[in-house]
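Subject: Structure handover and notes

Hello,

Please find the structure below, with the sequence. My notes on it follow.

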Amino acid sequence: MEEAPHGCPGADSAQAGRGASCQGCPNQRLCASGAGAAPDPAVEEIREKMKTVRHKLLVLSGKGGVGKSTFSAHLAHGLAEDGDTQVALLDIDICGPSIPKIMGLEGEQVHQSGSGWSPVYVDDNLGVMSVGFLLSSPDDAVIWRGPKKNGMIKQFLRDVDWGDVDYLIIDTPPGTSDEHLSVVQYLAAAHIDGAVILTTPQEVALQDVRKEISFCHKVKLPIIGVVENMSGFICPKCKKESQIFPPTTGGAEAMCQDLKIPLLGKVPLDPHIGKSCDKGQSFFVEAPDSPATAAYRSIIQRIRDFCNSHQSHAETLISP
């Protein structure tokens, strides 16, 4: 059986499969039926499917509105600038799928092939999948309870024909709930490289981000590092920096020092970021000389280095 979520009543409990913490768990049906010894068969099916995906990255934050989808999109764009690197971007923000808009793919639809759902491609080496492609209108509300969200995430991981991919980036909603438990448990056997955690400098965001870090520790999800987004604003004319969101408790830097996790970098505010997202274009192309572009590129390189070093370590462990 897959590792139980935090708060699991246990397979032998009278509440097995019925408790509040059971909602969205891949093992819920089995526990409720008394057959808790067997895992959800989808876990093994997903493990097989993910053998062609070298690196799997989650983009997380306990707080909404800190720029997870924007960062996920630009991480995908940045990695895909190398034409020999195959990148996939999966949007599991079921209720607020903004990736189709940010990637310039609004109105696109998912097509079925003999090998599964086909991703929607931005470029030959950058594929995207989102529940947004399944809606008749971008204004349609997705009103689903946990089990249905869990089923959608299972289908994305098991039935999408990603092909041979170097990086799978998974954009998540804010919080530590159904979607997060589902993706971590379904990918547990396939190995997740780690999570990139987004925050903004102010304490009201950091409070929720600490909860996300706690979640990662509880489910044994490695943390690649933290990105402080919207970290100051540099005036394009006078070059003076202003703190739009003052780091009253020291910002991400102090939090990372306290919790002993890496700070990957700080991305300053730039109006061109929002404009490029609304137009569905890469910010790196729109504003190549922006301080935010330089910050993004530095962070992306650190993520790439992390993945490469962990791949080398894994290959050393399995070599004869």
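This is a predicted model: local features need pLDDT of at least 70, side-chain atom pairs count only at pLDDT 80 or more; totals for chains, interfaces and linings use all residues.

I start with one histidine. His55 is buried, because its relative accessible area is 4% and the cut-off for buried is under 20%. His55 belongs to strand E1.

What does the side chain of His55 make a polar contact with? The partner is the side chain of Asp193, at 2.9 Å.

Next, the annotated site. In the UniProt record, which is an unreviewed entry, a "binding site" annotation covers Gly62, Lys63, Gly64, Gly65, Val66, Gly67, Lys68 and Ser69.

- Gly64 sits in the loop that runs between strand E1 (53-60) and helix H3 (68-80). Gly64 counts as partly exposed because its relative accessible area is 41%, which falls between the limits of 20% and 50%.
- Gly67 is located in the loop between E1 and H3 as well. Gly67 is buried, since its relative accessible area is 15% and buried means under 20%.

Which residues is Gly67 in contact with, leaving aside its neighbours within four places in sequence? They are Leu198, Asn229 and Met230.

One lysine is also worth a look on your screen. Lys149 lies in helix H5, which spans residues 146-159. Is Lys149 buried or exposed? Lys149 is buried, because its relative accessible area of 12% is below the 20% cut-off. Not counting residues up to four places away in sequence, Lys149 touches Ile94, Cys95, Trp144 and Glu179.

Finally, the protein as a whole. The fold contains eleven helices and twelve strands. The protein has 320 residues, and 50% of them count as buried. Among contacts with a separation of 6 or more, 75% come from residues 24 or more positions apart. The accessible surface is about 14,600 Å², with 51% of that belonging to carbon and sulfur atoms.

Regards

Conventions: Residues are numbered from 1 along each chain as its sequence is written. Side-chain values use heavy atoms; hydrogens and water are left out. UniProt positions are given in the numbering used here, feature names are shortened, and annotations may be inferred rather than shown by experiment. Helices (H or I, at least four residues) and strands (E, at least two) are DSSP runs, numbered from the N terminus. Buried means under 20% relative accessible area, exposed over 50%, partly exposed in between (1.4 Å probe, protein chains only). Contact means heavy atoms within 4.5 Å. A polar contact is a pair of N or O atoms within 3.5 Å; within protein, one must be able to donate a hydrogen and the other to accept it, and residues adjacent in sequence count only if both atoms are side-chain atoms. Accessible areas come from the Shrake-Rupley method with a 1.4 Å probe; for residues, only the protein chains shown count as cover.
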